[in-house]
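Hello,

Here is the structure for you to look over. My notes on it follow below.

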Amino acid sequence: MASQDVEMKESQPDAAPSAAVPSNSAVSTAPSVLQLLKEIGSLIETGAYTKEVRRIVRAVRLTIVLRRKLTAAAISAFLNQTLVTGSEAHSRLSSYLPKEDEHDMDVDTATSAVQVSTKHTFPELEIYCYLLVLIFLIDQKKYEEAKACSSLSIARLKNLNRRTIDVLASRLYFYYSYSYELTNSLAEIRRNLLSLHRMATLRRDELGQETLLNLLLRNYLHYNLYDQAEKLRSKAPRFEAHSNQQFCRYLFYLGKIRTIQLEYTDAKESLLQAARKAPVTARGFRIQCNKWAVIVRLLLGEIPERTVFMQKGMKKALEPYFELTNAVRIGDLELFRSVADKFSDTFNSDRTHNLIVRLRHNVIRTGLRNISIAYSRISLVDVAKKLRLDSPNPVADAESIVAKAIRDGAIDAAIDHANGWMVSKETGDVYSTNDPQSAFDSRIAFCLNMHNEAVKALRFPPNSHKKEKESAEKWRERQQQEQELAKHIAEDDDDDF
């Protein structure tokens with residue numbers, strides 16, 4: 001859903017501000033893009049040989065940081081050094097890259113002739129080359145070529161069953177779906193995504209399962225197939241949250257499904273948790289989470305705090321929902337209609353227009369509650385006027401609305417049918433009711449849930465129980481290193497803010 005779901009990207013640090021022109025020595029010592037790609041390739045090679053997945057993860061992160069600097073010349077040179085010249089993978093990937101010019105070559109001449117020692121030994125390097133070219137094509141907005149390249153990479157992946165490829169495969173799955181989404185052809189790959197999810201489940205590729213489940217949910221929701229999405233989600237293997245980004249996406253899709261199914265309490269919890277867990281750099285994703293969370297809270301009869309709409313970088317995007325919240329809070333039906341008409345294009349693009357139609361009843365109920373508090377007795381004719389009901393028989397409608405509100409417990413009043421009045425009962429002490437207990441219960445449940453999520457997110461070094469007890473000196477030295485590292489991290493965080 002390119003129009004409403006914003007792609008969650010890994011953090012990409014901004015380029016350093018340009019200072020004075022660097023000297024020749026500084027230019028010569030700066031690593032070229034090809035050198036960096038070769039280091040990443042070496043990291044993948046080491047991870048594949050030692051079966052250390054963390055090295056592959058690090059290689060993917062370094063690639064994302066390097067993404068803005070990628071050029072066709074550098075990628076072409078890397079392919080020549082990594083893949084066997086004339087092989088099927090080399091020929092296909094090279095065909096997607098434009099012919100390089102001599103002046104565009106970002107290659108270190110001293111090292112360009114050096115070949116990777118174990119050329120084409122590890123499938124991980126070949127899959128990484130597919131990923132590299134695919135990312136480059138998407139960034140260059142060559143979406144048709146990206147579709148073809150992603151399809152080739154998925155066909156190659158099906159023949160490989162190695163746990164060290166799982167991290168690279170999950171990224172390929174994502175860009176495979178993204179390239180088809182950019183060309184408005186998501187429906188074409190739904191059957192293939194289901195087949196890949198089944199294959200990942202049989203191979204116990206947990207990260208691949210999570211990624212493919214999210215892609216399938218996104219695929220179904222793009223075409224408003226909420227029932228199929230819920231059936232798939234309920235029957236798929238339990239989501240274990242091996243990746244924080246995938247877990248955030250899953251919570252967001254789950255919140256949308258629950259909202260459409262009128263399960264507002266569960267939807268609110270999922271959407272707020274997704275917004276809370278999302279990285280700070282994923283601003284577009286957090287904006288979408290907050291938009292849906294605001295609508296869900298309004299449907300629950302809650303009024304979101306003003307600080308929700310004043311978050312850094314979100315004020316402009318959330319302005320339509322702020323005005324909508326203000327109309328619901330006041331209970332002004334006329335203002336609600338004008339806001340809905342004014343921002344109808346925004347609500348349609350966010351696919352929240354159907355939910356806003358549901359809010360009309362909440363606006364009427366809020367206005368009725370304000371009237372019952374202000375007046376001890378008021379005629380139904382005046383109630384209809386104050387609510388600005390535009391029906392053919394507003395008095396009869398006002399009577400039915402008041403009766404339903406009394407039955408649901410929204411207001412504490414009674415209807416005098418003989419005189420056509422609404423008589424409000426005297427407001428009692430709220431502390432004599434169960435409202436404080438319910439408020440404390442919800443807060444305690446929230447704190448306990450956060451504690452449980454924090455415990456689940458704990459990570460421990462592998463085989464830590466098998467290590468010998470360290471001496472007192474080593475323990476003190478390790479503690480000092482950890483304190484220095486924490487200090488540096490805190491300083492970095494302060495710089496970010």
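K147 is buried, with a relative accessibility of 14%. Buried means under 20% relative accessible area, exposed means over 50%, and partly exposed lies in between (1.4 Å probe, protein chains only).

Before going on, a word on the model. It is predicted: local features need pLDDT of at least 70, side-chain atom pairs count only at pLDDT 80 or more, and totals for chains, interfaces and linings use all residues. Residues are numbered from 1 along each chain as its sequence is written, and side-chain values use heavy atoms, with hydrogens and water left out.

**Salt bridges**

K147 has a partner. Its side chain forms a salt bridge with that of E144 (4.0 Å, N to O). By salt bridge I mean a side-chain nitrogen of Lys or Arg within 4 Å of a carboxyl oxygen of Asp or Glu. Both E144 and K147 sit in helix α7, three residues apart, about one turn of the helix. Helices (H or I, at least four residues) and strands (E, at least two) are DSSP runs, numbered from the N terminus. E144 is exposed, at 55% relative accessibility.

How many salt bridges does the structure hold? The count is 16.

Another one joins the side chains of E230 and R233 (3.1 Å, N to O). These two are three residues apart in helix α11 (residues 226-235), so about one helical turn separates them. E230 is buried at 14% relative accessibility. R233 is buried too, at 16%. The pair belongs to a network of salt bridges that links E230, R233, R258 and E263.

K268 and E302 also meet through their side chains in a salt bridge (3.0 Å, N to O). K268 lies in helix α13 (residues 264-277), while E302 is in the loop between α14 (283-299) and α15 (306-309), so the pair ties together parts that are 34 residues apart in sequence. K268 is partly exposed, with a relative accessible area of 22%. E302 is partly exposed as well, at 27%.

**Cavities**

The structure has five cavities of 30 Å³ or more. On a 1 Å grid over the protein atoms alone, a cavity is a set of points where a 1.4 Å probe fits but cannot get out; lining residues have an atom within 4 Å of a point. Grid points are joined across faces, edges and corners, and a volume is the space filled by probe spheres set on the points.

The largest cavity holds about 90 Å³ of space. Its lining has 13 residues, and L160, D166, Y173, R203 and D205 lie nearest its centre. Two elements give two or more residues to this lining: α8 (166-182) and α9 (190-202). The largest share, three residues, comes from α8.

What kinds of residue make up the lining of the largest cavity? Seven are nonpolar, one is polar and five are charged. Here Ala, Val, Leu, Ile, Met, Phe, Trp, Tyr, Cys and Pro count as nonpolar, Asp, Glu, Lys and Arg as charged, and the others, Gly among them, as polar.

**Two positive phi angles**

K141 is not a glycine, yet its phi is positive, about 65 degrees. K141 is in the loop between α6 (123-139) and α7 (143-157). It is exposed, at 63% relative accessibility.

R204 is another residue other than glycine with a positive phi, near 60 degrees. R204 lies in the loop between α9 and α10 (206-222). It is exposed, with a relative accessible area of 69%.

Best wishes

Technical notes:
1 Å grid on protein atoms, 1.4 Å probe; cavity = no way out; pocket = protein on both sides within 12 Å on 5 of 7 lines; lining within 4 Å.
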